[in-house]
Every structure is written in structure tokens, then in C-alpha cells.
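Here is a short briefing for someone meeting this structure for the first time. Look over the sequence and the fold, then read on.

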Amino acid sequence: MGIPSTVFPVVHCDSDSSLAASAIKSVRTAVSVPETELRRWRRIFDVNSKIINGERYLDPDSFVNAIAPTGDLSKIGKAQFAILFKIADSSKRGLVSWEDFIVFETLLKRPDADYWMAFQFFDVDNSGYIDFDEFKNVMSANIGSDAIPFDFDCDWVKLYLGKKNGAHVLGYNEFTQLMKGLQGERLRQAFKYLDKDQDGFIRPDEFKRIILEIAGHKLSDAVIDRLPTLCTLSPGQRISYSEVIAFHNVIREMDMVERIIREATASSKDGRINQSDFLDYASSSSRYSLFTPMEASIIFHFAGRGNGDQRLALLDFAQLLDPRWVAPHDAVEAKKPTATSTLHAIAHSAYSFIQGGFAGAVGATIVYPIDMGKMQNQRSTVVGQVLYKNSIDCARKILVNEGFFGFYRGLGPQLIVPPEKAIKLTVNDLIRSRAMDPETGRIKFGWELVAGGTAGGCQVIFTNPLEIVKIRLQVQGEAAKAEGAVPRGAMHIIRQLGLVGLYKGASACLLRDIPFSAIYFPAYGHLKSDVFKEGYNGKQLSFMETLAAAGIAGMPAAYFTTPADVVKTRLQVEARKGQTHYKGLRDAFVKIYHEEGFRALFKGGPARVLRSSPQFGFTLLAYEQLKKLFPYPWDDKPRRVETALTSRPDEISKIRARNALKILLDVHGDFGRRAAASGNKLSLISPKLYSKD
């Protein structure tokens with residue numbers, strides 16, 4: 001049998017030296033000895049052990065640090081792993097020596113180590129068998145007197161117990177199967193115990209009590225809080241035995257539930273599925289139907305927070321799939337005290353404002369020549385006289401009268417003062433973050449409109465003074481050419497207008513900016529998510545997709561708010577001799593309509609679209625890129641659905657240690673905590689395998 005050339009490449013004497021070196025490296029890699037098992041165990045032991053009486057030992061805490069999985073994706077408390085300390089401490093001195101540790105690690109190499117260790121916990125007398133009294137005493141001691149009683153004399157237990165020397169005993173193989181079905185029997189007995197009138201129903205609080213005892217470690221706090229709501233699936237405000245069994249089946253098959261949900265949402269066009277999609281995919285991806293309609297209804301009930309008829313994305317199922325799941329808002333509140341949280345929010349908004357300022361400056365500079373043409377085309381005319389035939393004529397005359405730099409007259413104030421777009425972007429982000437659903441991260445369309453409209457309204461405080469100064473600077477060039485007037489600077493215009501004058505036309509500015517932003521931001525968000533599929537299977541938009549979404553969203557927003565922009569410009573331009581004077585917002589609308597017709601209200605509309613669409617396109621593109629390149633240092637990372645299926649595999653020995661503890665927790669949710677505090681003696685004696693007589 002030959003050696004594959006991919007491992008040992010063929011090298012000739014006249015081969016290139018780099019190829020020869022690669023071959024030698026491959027040989028060294030193939031024959032190199034990795035860190036030996038004993039050396040790795042020794043390293044773990046030395047890192048965690050303490051010197052006691054001149055020797056190194058692991059106490060319960062350091063033992064847990066040595067064997068507990070890192071970043072465990074479950075609700076099992078790290079302290080609960082102390083139950084396994086009693087198995088490793090064969091000498092019963094409260095310390096684990098190096099010899100004890102390597103025996104324990106060797107045990108974890110067994111493919112059935114989880115059940116093997118669980119057997120040791122019940123085999124108190126180290127006989128290799130578990131008799132009826134041992135099983136009853138160990139289980140009773142660990143579930144506590146306050147737990148729902150368990151009938152040990154039931155036929156189900158007797159089915160698993162064989163006879164050894166006239167006594168009922170349980171061998172290892174029988175024990176493994178008993179433990180696998182024990183939770184179901186406990187569920188049946190608990191329901192029967194709580195169903196006092198034997199009508200087949202229990203109260204919601206009783207259902208919650210059952211689930212907390214046998215499966216609380218498998219569910220997130222959000223699902224646990226909603227357990228009583230299972231009664232809403234059927235009339236009567238009570239829960240039937242079939243619903244309890246269906247819920248238990250969902251928990252038991254949670255790994256398969258997750259696989260189906262992940263694959264079904266990934267193959268869905270919109271990244272969402274409903275109950276029918278779930279059942280269809282489950283049927284097509286397995287040999288038999290794994291889930292009943294009732295079980296699917298329960299899955300969507302808890303994922304949809306009571307509304308199981310909607311289409312749900314993977315993130316909606318997070319609270320059901322991930323037992324550590326916490327609502328984003330609650331997680332942030334738990335991390336930070338109120339005062340710190342407030343300072344954090346202020347700092348985050350300030351950081352976003354600075355980024356928005358830079359982004360706004362980029363967008364404004366790129367499209368400023370278009371803005372100059374738009375404004376000149378919208379300004380008032382002498383009655384019976386047309387200054388510009390269209391936008392192209394306007395651009396030509398600006399170039400002739402003022403030269404190339406005439407297109408950038410008035411740009412200074414927008415770059416010196418914090419750009420208006422910074423206010424708009426910051427306020428929109430702030431309101432959206434506050435209105436966002438704390439569990440799903442979504443926002444209702446009505447709140448999208450409110451966030452955008454409020455952002456547009458807030459910017460007027462800064463925008464109106466900027467624009468009136470900008471507009472008067474823009475018209476000075478043409479006036480200086482036509483009338484020989486001396487151009488004045490921005491400070492002269494500010495002193496001339498005064499504080500009140502700087503807000504002339506503010507009502508029209510509000511009438512323009514509020515609906516503009518209310519249209520723009522929701523359109524931009526939905527274009528990204530619904531058209532370009534941002535976030536779908538982790539997709540991030542490309543440079544051009546972001547630019548396209550931002551640009552397209554600006555088109556309807558700009559054009560439909562043109563009448564308000566025309567009126568604002570007329571009110572803010574200093575009227576000269578022969579030009580129409582306007583007293584206010586309503587007067588301007590009426591006079592423009594009567595003197596110039598309805599079409600005059602949309603003067604500069606195309607130029608406004610040509611300006612606003614690319615301006616917001618480049619502004620939002622710059623803003624998004626700045627947030628990616630320079631994210632807020634203390635911001636929380638976007639939530640993902642992380643479970644054991646998506647995590648990096650841990651060492652198999654640590655996984656088996658965790659699984660052993662899970663088997664015991666299935667008996668009772670506090671099993672590990674109770675056992676860790678008890679004084680039962682356990683050893684690593686091998687259990688005997690036998691068949692029932």
C-alpha cells in the first residue's frame with residue numbers, strides 16, 4: 001500500500017528548493033509527536049492545583065476550573081460540576097491528587113463516561129449494582145422533601161429491576177435505559193399528583209412547577225416566565241396532559257428542532273418560516289414525521305411570544321433554543337448601573353454625532369454644486385421675467401458669471417458648523433434604539449416614522465440658520481455680477497439677520513424636513529433588509545448596495561417635499577426690487593400658486609432629487625463605513641443565536657463531564673447543588689454488567 005503523495009510529495013534531486021523544503025516540512029509534521037495526553041493533563045493539573053503539605057492537590061474549586069467546559073453554552077452553573085469532585089476524590093480526603101486526576105481523566109475517555117459516572121453516583125456501596133434502596137435513597141436525598149413526590153413502587157421502576165440473590169437490583173445497562181426514561185416517568189407521575197380531581201388538566205402554575213423541576217436548566221428565563229401561557233393554546237385556561245407531553249417532547253428533541261429551524265430559515269426566501277414551513281421541512285428532512293402539529297404550535301407559541309401564527313426569523317427562536325438567552329435590553333441593564341448606563345448612552349450618542357458630522361461633510365461637499373443650481377432655480381423672479389429656463393441653463397449661467405468656484409459659494413458654514421446630517425443621523429439612531437423591541441431587536445413601522453420625523457424636526461434647530469446664511473451667500477455672486485454689489489461674508493449676514501432672523505422660514509423648513517426624514521429613514525432601512533437582504537444568513541451589504549439603498553431612498557423623500565423647499569427658499573432669500581415679497585408660509589404658497597402656477601411649487605424638484613439622492617447616498621455610505629471601521633469601543637456586539645450546534649467543539653472529556661451532570665439534572669434541577677453539599681462517598685469502582693434473571 002503506497003503513501004499518498006499529498007502527504008509526502010515526490011521530490012527529485014533537481015527540484016526547486018522551496019518544493020524540497022515543503023516536502024521536508026510535511027514529513028516532519030507527519031512524524032511529529034503532539035503534546036501527549038499525560039503532558040496535557042499534567043499541565044492542566046499544575047495550572048489549577050495548590051500546594052498543600054508540600055504536595056499538589058486540587059480542592060473542589062480548582063477541580064471545577066480544571067474540568068468544566070470553557071464558555072459553556074448552557075445554564076449549568078459552574079459550581080454544580082463539584083458533584084464530579086466526589087467521584088474523583090477516591091480517598092475521600094477532600095482533595096484530588098495527581099493520581100486521582102489521571103484516573104478521572106481516563107474515565108472521561110470512555111464513550112459512555114457520562115452514564116458511567118451517573119451510575120457511580122447511585123452505587124453508594126461500590127458493589128457494581130444498584131439495589132432498590134440505593135436508588136430510592138440517593139434520588140430522594142437529592143430531589144429534596146419539597147419536590148413533587150415520586151412513587152418508587154410503581155410498575156415502571158419494577159420493569160427495570162432484576163433480581164440478584166433474591167434482591168431487586170439494577171445493572172449498568174438497565175440503569176442507562178432507566179435514566180433515559182426517568183424524566184418522562186417523573187413527568188407522568190407529577191401530572192397525576194397535581195391533577196387532584198383526575199380530569200386530565202392542571203393549572204398553569206402547576207405546569208411551571210413540573211417543568212422547573214425536571215427541565216429548568218434547559219430553558220431560558222424568558223421561556224420559563226412564559227410557561228403559564230401554554231394554557232392559551234386551548235380554551236379553559238388550563239393545561240392538558242397532551243400539551244405537557246408535547247412540550248416535553250420539544251425540549252427532548254431541541255437539537256433537532258434547532259437544526260430544522262436553522263436549515264428552514266436559511267432556505268426561505270425572506271429568512272422566515274411559519275408552522276407549515278417548519279412541519280414541511282421536518283417531514284422532508286427525516287425518515288418519519290418528528291413533530292406533531294401540537295408540538296409545532298408550542299414551538300411557535302414561545303418563539304412568537306404568544307403569537308404563533310406569524311412568520312419568524314432565526315433570531316426569534318433564540319429564547320427557545322439558547323438557555324442562556326437574555327433580552328438585549330435586560331442584558332445591558334444587568335451589566336451597567338443606571339448612572340453608568342446614562343453616561344454610556346450620552347457618550348455613544350456623542351460618538352455617533354462626530355461620525356455623522358464627518359459623513360455629512362463628505363456628502364455635502366460631493367453634491368454642493370447641484371444644491372447651488374437647485375437653489376438658484378427656486379429663488380424668486382421678477383414678475384414677468386424668467387431668470388433660468390431650467391437646471392442646465394442655471395448651471396451654465398453660474399459657471400459664466402462666477403466661474404467654477406461659484407458652485408461652491410456658501411459651502412463654508414456647512415463645514416465649519418457641525419453638519420446638519422450629524423444631528424439627523426444621531427437622533428434617528430437614538431430613537432430607534434429606544435423604540436426597538438428588547439427581545440427581537442425589531443422596530444414597528446410607526447416608530448420608524450416617528451424616529452425619522454423627530455430626527456428631521458430636531459435638525460431644523462441647526463439647519464435653518466445654516467441654510468439662510470448659505471442661501472444668501474449663494475445669491476450674492478449673481479447679484480454682484482448683475483448689480484455691482486459687494487459680496488458680504490457670513491458674519492455680516494448673521495449680524496444683519498439677528499437671532500430671530502436666522503429662523504426666518506423655519507415653519508417651511510419643518511414642513512420639509514419632518515416628512516423628508518419620515519420617508520427617508522424607513523425607506524432606507526427596508527431597502528437594506530427587504531431588497532438587499534442585509535442580515536439574511538449573516539449577509540453584510542457591499543459598498544454599492546449600501547450606496548444604492550441610501551440613494552434610492554432619497555428619491556421619493558426629496559421630490560415629494562419639494563413644495564416646502566421652494567417656499568422655504570422664497571422666504572429666506574432677501575427679496576430685491578421688483579421681486580415678490582412673502583409675509584409667511586401660507587402667503588408664499590398662495591402667491592406662488594397664483595403668480596406662477598402649480599408647477600412652480602416643484603421647481604428644482606429634479607435637481608433636488610439629483611442632489612438629495614447622491615448626497616444621502618454618500619452620507620449614509622460614509623456613516624456606515626465609519627461605524628464599521630471605527631465602532632464605538634464599548635458597544636455591545638450584535639446578538640447571534642449561539643448554541644452547542646454552532647460553538648467551537650470543546651475537549652471531548654469536558655463535554656462528557658458536562659453530559660454526566662446533565663443526566664443527573666434531568667432527575668431534578670437542583671441535583672448537582674444538593675449533591676455537592678452532601679457527604680455521600682463515591683468511588684470509581686467498575687459497575688458490573690449483567691442480564692436480569
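The points below go from the whole chain to single residues.

This is a predicted model, in which local features need pLDDT of at least 70, side-chain atom pairs count only at pLDDT 80 or more, and totals for chains, interfaces and linings use all residues. Residues are numbered from 1 along each chain as its sequence is written, and side-chain values use heavy atoms, with hydrogens and water left out.

**The chain as a whole**

- The protein chain has 30 helices and nine strands. Helices (H or I, at least four residues) and strands (E, at least two) are DSSP runs, numbered from the N terminus.
- Of the 693 residues in the protein chain, 47% are buried. Buried means under 20% relative accessible area, exposed means over 50%, and partly exposed lies in between (1.4 Å probe, protein chains only).
- Take the contacts between residues at least 6 apart in sequence: 73% of them join residues at least 24 apart. A contact means heavy atoms within 4.5 Å.

- Helix 6 spans residues 113-122, and nine of its 10 residues are buried, so the rest of the structure largely encloses it.
- Among the buried residues of helix 6 are Trp 116, Met 117, Phe 119, Phe 121 and Phe 122.
- Helix 6 packs against helix 9 at an angle of about 95°, with the axes 10 Å apart. That makes the two helices roughly perpendicular, because angles of 65 to 115 degrees count as such, while those under 35 are roughly parallel, those over 145 roughly antiparallel and the rest oblique.
- Axes are lines fitted to C-alpha atoms, for helices over the stretch in contact, and angles run from 0 to 180 degrees between N-to-C directions.
- On the helix 6 side, the residues that meet helix 9 are Tyr 115, Trp 116, Ala 118, Phe 119 and Phe 122. Helix 9 supplies Tyr 172, Phe 175, Thr 176, Met 179 and Lys 180.

**Salt bridges**

- The structure holds 21 salt bridges. Each is a side-chain nitrogen of Lys or Arg within 4 Å of a carboxyl oxygen of Asp or Glu.
- Arg 42 pairs with Asp 46 at 3.3 Å, N to O. Both sit in helix 2 (residues 37-48), four residues apart, about one turn of the helix.
- An α-helix has 3.6 residues a turn, so residues three or four places apart point the same way.
- Arg 42 is partly exposed at 32% relative accessibility, and Asp 46 is partly exposed at 30%.
- Arg 203 bridges to Asp 205, with the closest N and O atoms 3.0 Å apart. Arg 203 is partly exposed, at 42%. Asp 205 is also partly exposed, at 45%.
- Arg 311 meets Asp 277 at 3.0 Å, N to O. This pair links distant parts of the chain, 34 residues apart: Arg 311 is in the loop between helix 15 (293-303) and strand 9 (312-313), and Asp 277 is in helix 14 (residues 275-284).
- Arg 311 is partly exposed at 33%, and Asp 277 is partly exposed at 27%.
- Arg 512, Asp 513, Asp 565 and Arg 608 form one network, joined by salt bridges that share partners.

**Ser 517**

- Ser 517 lies in helix 24 (residues 506-531). Ser 517 is buried, with a relative accessible area of 0%.
- The side chains of Ser 517 and Lys 424 make a polar contact of 3.4 Å. A polar contact is a pair of N or O atoms within 3.5 Å; within protein, one must be able to donate a hydrogen and the other to accept it, and residues adjacent in sequence count only if both atoms are side-chain atoms.
- Setting aside neighbours within four places in sequence, Ser 517 is in contact with Lys 424, Gly 452, Gly 453, Gly 456 and Pro 522.

**Positive phi**

- Most residues other than glycine have a negative phi.
- Gln 198 is not a glycine, yet has a positive phi of about 55°. Gln 198 sits in the loop between helix 9 (172-194) and strand 6 (201-202) and is partly exposed at 49%.
- Arg 305, not a glycine, has a positive phi of about 55°. Arg 305 lies in the loop between helix 15 and strand 9 and is partly exposed at 29%.

**Cysteines**

- The structure holds zero disulfides; a disulfide is a pair of cysteine sulfur atoms within 2.5 Å.
- Cys 458 is partly exposed at 28% relative accessibility, whereas Cys 509 is buried at 0%.
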